[in-house]
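Visitor: I have a model open and would like to learn how to read it. Where shall we begin?

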Amino acid sequence: MTQKRPLAVDIDGTFLKTDMLFEGFWLAMGKQPLKTIKTVFQNFKDRARLKREITDLADVNVELLPVNPDIQAYIDEAKSEGREVIFASASDASLVQRLADYHGLDGDHIGSDGHVNLKGDAKAAALNARFGEGEYAYAGDQDLDLKVWKSAGEAIIVGRHPKAVRQLKADGIEVVQVKKSWSRRSLAMGLRPHQWVKNALLFLPLIVAHSTDPLALLRVILAIAAFSAAASSIYIVNDLLDLEADRQHPKKRFRPLASGNARIPDAMLMSVALGIFALGVGFIMGWALLGVIALYMVLSLSYSLKLKKMRWVDIATLAGLYTLRVIAGGLAAQVLASGWLVGFIFPTFLALGCVKRLTELTLAKSDGKVPGRGYRKSDREDLVNVAGLGVFFSLLVFLMYTFSDTAEALYQDIWMLRLAIIPLALWQIRMVLLGWQGKQDYDPIVFAMRDKSGIAIIAVTVLILLYAAGEIV
């Protein structure tokens with residue numbers, strides 16, 4: 001190998017653990033969704049122009065893009081040997097130059113210019129004209145790079161491409177293989193299966209109605225599967241829209257997409273498949289449930305696109321999404337989700353939404369707005385006040401319920417039922433205080449599932465309710 005041979009490095013999937021076109025698309029979707037969709041449809045067949053338009057819309061922060069450490073090490077070694085190192089990418093040339101400047105790579109880098117999509121044959125021709133055929137090394141990650149590798153004197157291949165490796169070695173071209181920086185298994189973490197526990201709320205109408213119908217139970221389980229798929233579909237979209245914000249977050253930066261451990265195209269396909277599954281189950285189980293699932297997905301998507309950035313609206317939306325779960329549980333079980341239950345659930349989760357934001361603000365390292373949200377530390381007291389109102393109204397609804405005919409019909413000991421308000425109040429107030437002190441996880445529901453003291457309080461509440469219903473003596 002010629003030690004002074006120039007090194008040309010592809011960016012998307014090679015130097016970076018992500019793709020700048022997809023990064024730009026989702027960043028632009030978060031800012032101007034309608035204009036972004038229009039731009040994609042107008043320029044879909046003209047990739048060079050599409051990349052230029054998306055670059056102008058998105059203004060990607062190249063400082064946050066995750067780098068493949070193995071390729072970075074290879075570049076550092078080449079620079080130490082005095083070799084010229086340039087980026088040769090199909091991404092828009094302006095983005096390529098900004099990325100090179102940030103990573104301290106001097107020289108004349110090449111990329112798509114709005115007219116020519118620098119990929120495959122076009123890239124090979126540009127590099128041959130620049131260095132001469134066989135007089136440079138090229139690092140890439142796609143089968144489309146085969147033409148470039150064949151034109152280079154040395155091929156650095158990211159990922160498994162056995163056919164390309166065999167052809168290149170047969171042609172006498174030196175090959176260096178580098179492991180890929182992503183894994184489809186990592187994408188499973190992006191589904192956030194630990195969040196599916198929230199869909200246990202669909203059991204509530206069945207429990208509150210004291211129903212033991214096995215068919216109703218089966219229908220609720222199917223509805224939970226649909227809601228879990230719908231939630232994961234939107235979680236993926238949310239992560240795609242939050243890529244830059246997540247990379248500035250102390251914990252969320254390790255998420256599969258933010259870290260680059262999962263590919264954006266794979267995530268997009270997974271999101272679509274899960275959404276289709278969720279709507280399909282809803283269709284099979286009935287139009288009413290299908291409508292609630294569709295509304296949940298639309299509201300969740302609206303939250304991801306816009307509502308999560310709006311103070312107070314975001315919290316009300318979260319509470320509404322939890323309430324929809326309860327309504328869906330009633331439809332699936334074919335029992336009425338009473339107004340009492342809905343009236344209790346909404347303010348409870350309004351308070352927990354405030355707790356979520358309180359935790360984020362308490363743990364924030366600066367006084368500015370939390371990335372991707374509309375709150376700053378000065379909002380903490382207002383959040384506590386709104387959380388307090390949520391706790392008050394949820395307990396008030398519960399107390400009023402104990403005087404209703406519905407409660408009289410379902411519970412043998414009404415005074416014992418009223419006693420349950422004490423542990424309920426204790427649990428909710430404790431959650432608010434822990435959020436204020438920053439002693440929770442960033443998600444209060446996930447925290448509640450792991451909080452031994454909180455679980456003990458909930459267990460006491462359940463025992464009181466069972467005793468009041470005459471289930472235990």
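**Reading the surface and the sheet**

Guide: Let's begin with L463, which lies in helix α23 (residues 452-469); helices are DSSP runs of H or I with at least four residues, strands are runs of E with at least two, and both are numbered from the N terminus. This is a predicted model, where local features need pLDDT of at least 70, side-chain atom pairs count only at pLDDT 80 or more, and totals for chains, interfaces and linings use all residues. Residues are numbered from 1 along each chain as its sequence is written, and side-chain values use heavy atoms, leaving out hydrogens and water.

Visitor: How do strands of a sheet pair?

Guide: They pair through backbone hydrogen bonds, either parallel or antiparallel. Here two strands count as paired if DSSP finds at least two bridges between them. In this model, 6 strands form an open sheet with parallel pairing, in the order β3-β2-β1-β4-β5-β6.

Visitor: Why is one side of β3 and of β6 left without a neighbour in the sheet?

Guide: β3 (110-112) and β6 (174-178) stand at the edges, so each has a single partner strand.

Visitor: How many bridges join β1 to β2?

Guide: There are 3 bridges between β1 (residues 7-9) and β2 (residues 85-92), which run parallel. Look for V9, which stands opposite F87 in β2.
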